[in-house]
Amino acid sequence: MNRFDYLRPSTVAEAVAAASVPGSAYLAAGTNLLDLMKGGVVRPERLVDVSRLPGLDGIEALPDGALRIGARVRNADLAHDRDFARRFPAVAEALLSGASAQLRNAATVGGNLLQRTRCAYFYDPASACNKREPGAGCDALEGENRLHAVLGWSERCIATHPSDFCVPLVALGAIVEIEGPAGRREVPLEEFHLLPGETPERESVLAPGELVVALRLPPGADAFAAHARYVKLRERTSYAFAVVSAAAMLRMEGGTIAEARLALGGVALKPWRAREAEAVLAGARPEAATFRRAAEAALEGARPSGENGFKIELARRIAARALALAAAGTPERIPALPASPMAPVSGGALHG
Amino acid sequence: MSWSITLTVNGEPRRVELDDPRVTLLDLLRERLDLTGSKKGCDRGQCGACTVLLDGRRVNSCLALAISHDGAEVVTIEGLARDGALHPVQAAFIEHDAFQCGYCTPGQIMSAVGLIGEGQAGDDPERVREGMSGNLCRCAAYKGITEAVLEAQRRMGQDGWEEAA
C-alpha cells in the first residue's frame, strides 16, 4: 500500500473542500478501497475519511412519500430495517445476496455505488487496463473473459459493474444526491454510472471532490412490494459476485400486470434497466410466454465480448425466472439463500 | 506525522501511537498489542480469519484502517472466555470437532458470536451456513461448525449468556 495523508473532516463542506485537491479519495468503510490499495491498483495520495460525517447515517421517510437513505448507512442495517425490507423487499434481498455478513456490516450505501469492477485485469497491475491506465489497452479482450459484459461494452473495456444493490435500485428509479464544490445536485441512478465508450477511466458522473450524500427512492416506488424479487446466479452457492442477476417487480391489478420494472446485473458496466422489457410486460397477463418475450426484449442488442456468449441466454433465463418469482409473490421472509435461482417457483417447475 | 488513538480492546482501554496511517486494525491487534489470536489469512477480506467484533458487529479487521476507528470497542477471540471458563461458542466448537488445523477457528468463532448476536439465523442450519459463508475453512470442518453454532445458540438462549465486553 502506498503512503498517504489522512484527513478526517467534521462536516460535508470540509470534506468536499479536502477531496477537491487532486490525488484525494474518500474513505468510508474501506472494504473495497483498502483492498485495491493493498493490491497497488489505486494509489491515492490522501484519504478523506467520511466515516463519521454527521447527517449521513439516517433512513428517513420524506413527507412526499419518498425514502431517503444516508450514504453512510451500512448494507446490513438497511437490509434488516423492517420498514425498509417491507417496502422494498427486492432491494433487501439483493443486499443480503451480496458479499459476506462481515462485509455487509461495514460496507456503506455510498461505497456500494462506487465500488470498482472485479475484472481480474483491472485488479492486476501487471496487466493492461484502460480503466487503470488510459491508453494501455485491455488484456481482458483476449483473456479470461467468460464473466465479462454482453451489453454496452466497447473495445476499450468489457468489464462489468459488480453491485447487487444497484440492480433493484435502478429498476425503482432511485435518485443519487450529491454534494460538491459547485453545490448540491441530483442524478438518477440510471445515469450515474457511465458506459465505457472511449473513456473507461470515467466510471461515474461524479466530478473531483463530489460526494454521494444520500440515495432517494421516489414516491410510489413501494407500489411493487407485493411482487418484487432479485435473482442472482453465482458460480458457488454464496459469497460470490453475480454471473448474471435480475431484479423484477410487478404492480398487479386484477390478474394483469399494471406496471413492471426489470433490471439486470453482471451484464454491463452499469446496472442495466430494461425499459423495452417493461413495455412488453405492461398490460399483459403474468404468463411464462410473456416473461420470455420480455426477457428477449431485455437482451436485445446483447453481443458477446469474448468467451461469454452463454451469458446472453443465461441472462434471459434469469430475467424470466425473476419475473415468474415476482409474479408468484414476495415471500413472507427473505429465503435462507437470498436471491438463489435454485429455489422453485411455487406451484411451478424447478426449471422453466 | 503521528496519531494517537484509543481503543477499548476486550474491555481494557488501550492507547496506541501510530506513526503511519496505513496500519490496519488487524495489524494493530497482532503487531502492536500482541493479540495474535486474530489471524491474517488472505488479508483481503475474502477468508474471514481476521474477524473481530467492532462496536459489537463482526467485521474483517484486515479491511479496517485502525486510525479510522479511534474510540471504538473491539472484542477479539482473547476476550471471550470469562474467569477461565470458555465462551459457549468456544466450548461448542470443541465438543463438535468444528476444526482441524485451527487457523480459521478464531475468525469462525468471532463470526459465530456476531451471527448469534444478529439474531437472523434462528435454528435453521441453512441460514447458519449462509450467515457463516464469509469464513472459509480449508480443512472443510463446515459440518461441525454448523452444529457448533446451533448448539451454542441454544445454550446461550437457555443460560441467558451476556455478550462479552
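## Close-up views of a predicted two-chain model

View 1. Chain B is split into domain 1 (3–79) and domain 2 (88–159). Their contact (heavy atoms within 4.5 Å) takes 15 residues from domain 1 of chain B and 16 residues from domain 2 of chain B. The C-alpha centres of these two domains of chain B lie 21 Å apart.

The model is predicted, with local features needing pLDDT of at least 70, side-chain atom pairs counted only at pLDDT 80 or more, and totals for chains, interfaces and linings using all residues. Residues are numbered from 1 along each chain as its sequence is written, chains are lettered from A and ligands numbered from 1 in the order in which they are written, and side-chain values use heavy atoms, leaving out hydrogens and water.

**View 2. The largest nonpolar core.** A nonpolar core is a set of buried Ala, Val, Leu, Ile, Met, Phe, Trp, Tyr and Cys residues joined through side-chain atoms within 4.5 Å. Buried means under 20% relative accessible area, exposed over 50%, and partly exposed in between (1.4 Å probe, protein chains only). The largest core has 53 residues, and those with the most contacts inside it include A:Leu47, B:Ile5 and B:Leu28. Among the elements giving two or more residues to this core are α2 (33–38) of chain A and β1 (3–9) of chain B; helices (H or I, at least four residues) and strands (E, at least two) are DSSP runs, numbered from the N terminus. Apart from this core lies another, of 41 residues, among them A:Val91 and A:Ala247. Beyond its neighbours within four places in sequence, B:Leu28 is in contact with residues including B:Ile5, B:Val16 and B:Ala66.

**View 3. Surroundings of A:Val167.** A:Val167 is part of helix α9 (residues 166–171) of chain A. It counts as buried because its relative accessibility is 0%. Leaving aside neighbours within four places in sequence, its contacts include A:Tyr230, A:Ala247, A:Leu264 and A:Pro271.

**View 4. A salt bridge between chains.** A salt bridge is a side-chain nitrogen of Lys or Arg within 4 Å of a carboxyl oxygen of Asp or Glu. B:Asp43 pairs in this way with A:Lys38, with the closest N and O atoms 2.9 Å apart. The pair runs from the loop between α1 and β3 of chain B to helix α2 of chain A. With 19% relative accessibility, B:Asp43 counts as buried.

View 5. A:Glu313 and A:Arg317 form a salt bridge at 2.9 Å, N to O. These two residues are separated by about one helical turn, because they are four residues apart in helix α13 (residues 310–328) of chain A. A:Glu313 is partly exposed at 23%, and A:Arg317 is exposed at 53% relative accessibility.

**View 6. A salt bridge in chain B.** The side chains of B:Asp19 and B:Arg32 form a salt bridge (4.0 Å, N to O). B:Asp19 is in the loop between β2 and α1 of chain B and B:Arg32 in helix α1, 13 residues apart. B:Asp19 is exposed, at 53% relative accessible area, while B:Arg32 is partly exposed, at 37%.

Note on methods
Domains from an automatic or database assignment.
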